[in-house]
Amino acid sequence: MTDAKKQAALDYHSQPIPGKLSVELTKPTTSAKHLALAYSPGVAEPCREIAKDPENAYLYTGKGNLVAVISDGSAILGLGNLGPLASKPVMEGKGVLFKKFAGINSVDVEVNAESPQAFIDTVARIADTWGGINLEDIKAPECFEIERALIERCSIPVFHDDQHGTAIVTAAGMLNALDIAGKAIDQARIVCLGAGAAAIACMKLLVACGAKAENIYMLDRKGVIHSGREDLNQYKAMFATDTERRTLDDAIDGADVFVGLSGPNLLSPEQLNKMAANPVVFACSNPDPEIHPDVANATRDDVIMATGRSDFPNQVNNVLGFPFIFRGALDVRATRINEEMKVAAVHALQDLAREPVTQEVLDAYEVDSLEFGRGYIIPTPMDSRLLDRVSSAVAQAAVDSGVARKPYPSHYPLSSIEEVYGS
Ligand SMILES: NC(=O)C1=CN([C@@H]2O[C@H](COP(=O)(O)OP(=O)(O)OC[C@H]3O[C@@H](n4cnc5c(N)ncnc54)[C@H](OP(=O)(O)O)[C@@H]3O)[C@@H](O)[C@H]2O)C=CC1
Ligand SMILES: CC(=O)C(=O)O
Ligand SMILES: [Mg+2]
């Protein structure tokens, strides 16, 4: 970013008041009578009801529309481990997206934990307060055990966004991009740079969508993850291939797909030039991609290019997933977010990209036209139809797969966030 853009970002966060979120009141509070209801003595009545039956918390408090965004700051975007407090702008940002796109209230919680177990214990002890937990920017491999343990210990949905939100959006974009490139996913040779939270989850979901594990070369900082390596954790080991290729330079030769979930400027124009015809490049590291789209487009005119950023076409970013996935899960009071719900979200995103783009989206991106093709493989976050399409698909999948504690919502389809509480 230029110095002017960096300053604009700092000003945005500090002016006119610090931060991006605030708390609003939902009940009248202008008289002593109101206070006697909101506070003592009236507040005792809902307390007694919740003590009798914890489900009443959904009736008398904001729990059912409240998601905690929780991080230890160990993998903040692609910036690395900057600690919990430095992750707060990102966590507030996730809260902005929850509210703006899905009408969900959120609190950000930055945990200073000395170990994964301490983090798990901290979160588990406060979990009942919320309707769901969105884990964010926790590095691999610790994130896998943290999420598994919290799913086991909590009765509300726990979802590591960097794993599953990213994987859902990547899979949707990839299925469309390969279709446009005229390639079959089960034939595609895929290079994944990065072997952390996002990369492992993305490759697992691509395999579930038809990619062949033996066609995937995954790389970490030490190079290709191959069967001869003895330094692999169990998650990386799932992607160890029997190959003589050792470096990105080796792996990228002839590849159909590059997925970057690692760090900035790690794919060179020379390496892009070694890829097969119509290469699909998802350079998803934030804020700086593995290859800048201007560089990629200048290098090859047949590249189908996506990044995680809002300021370039084809934004492959978990913002297209987590707000709507939680909306659907909360509205049927799902106990968890399972594979069926994730796959339903993939197909809802994939299908929406193939529909005509609305004027609202054209205006938001200041373009005259946008249609399914190389420059538009996935819906944009500013598409208000996402609220209905993804949330409905996720809610229906939760009901069908038996994890919903409420029926499919009678107030669906949703056409705006004003409707999220029903009528
Ligand atoms: N667009 C989107 O929606 C999203 C994008 N991301 C991006 O993905 C990236 C990774 O995030 P996340 O998975 O959460 O973090 P993790 O810390 O869990 O994983 C980072 C991975 O990147 C690898 N890596 C880092 N530098 C290099 C390098 N120079 N060469 C090869 N591999 C490297 C690490 O290798 P090693 O294992 O050897 O340490 C590790 O496997 C970030 O840039 C993040 O912004 C993440 C989530 C969503
Ligand atoms: C988008 C996001 O969650 C990340 O880059 O970590
Ligand atoms: Mg993240």
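In the predicted model, ligand 2 is surrounded by Leu77, Asp137, Asp161, Asp162, Asn286, Gly308, Asn317 and Asn318. By residue class, this shell comprises one nonpolar, four polar and three charged residues.

Around ligand 1 there are 29 residues, of which Gly78, Gly196, Asp220, Ser285 and Gly308 come nearest. Two or more residues of this shell are given by each of H8, helix H9 (197-208) and strand E6 (216-220). The largest share, three residues, is that of H9. In composition, the shell around ligand 1 divides into 13 nonpolar, 11 polar and five charged residues. Because domain 1 (18-156) and domain 2 (162-423) both give residues to this shell, ligand 1 lies between them.

The two domains, domain 1 (18-156) and domain 2 (162-423), are those of the domain assignment of the protein chain. Their centres, taken over C-alpha atoms, are separated by 26 Å. Contacts between the domains involve 25 residues of domain 1 and 28 residues of domain 2. On the side of domain 1 that touches domain 2, the elements giving two or more residues are helix H5 (88-102), strand E3 (132-135) and helix H7 (142-153). H5 gives the most to this side, with four residues. The residues on this side of domain 1 divide into 14 nonpolar, eight polar and three charged.

The C-alpha trace spans about 75 × 50 × 50 Å along its principal axes. A compact globule of 423 residues would have a radius of gyration near 22 Å, and the protein chain, with 22 Å, therefore agrees with this expectation. Of the 423 residues in the protein chain, 43% are buried. Among contacts with a separation of 6 or more, 67% are accounted for by residues 24 or more positions apart.

Helix H15 (residues 339-352) was examined individually. This helix has 14 residues and reaches 20 Å from its first C-alpha to its last, close to the 20 Å expected at 1.5 Å a residue. The buried residues of H15 are Met341, Lys342, Ala344, Ala345, Val346, Ala348, Leu349, Gln350 and Leu352. The packing partners of these buried residues are helix H8 (161-181), helix H14 (322-331) and helix H17 (385-400).

Methods
Residues numbered from 1 in each chain as written. Chains lettered and ligands numbered in written order. Predicted model: local features only at pLDDT ≥ 70, side-chain atom pairs only at ≥ 80, totals over all residues. Expected span 1.5 Å × (residues − 1). Buried ≥ 20, exposed ≤ 12 C-beta atoms within 10 Å, placed from the backbone. Contact = placed C-beta atoms within 7 Å. Near = placed C-beta within 6 Å. Nonpolar A, V, L, I, M, F, W, Y, C, P; charged D, E, K, R; others polar. Domains from an automatic or database assignment. Rg over C-alpha atoms; globule rule 2.2 N^0.38 Å.
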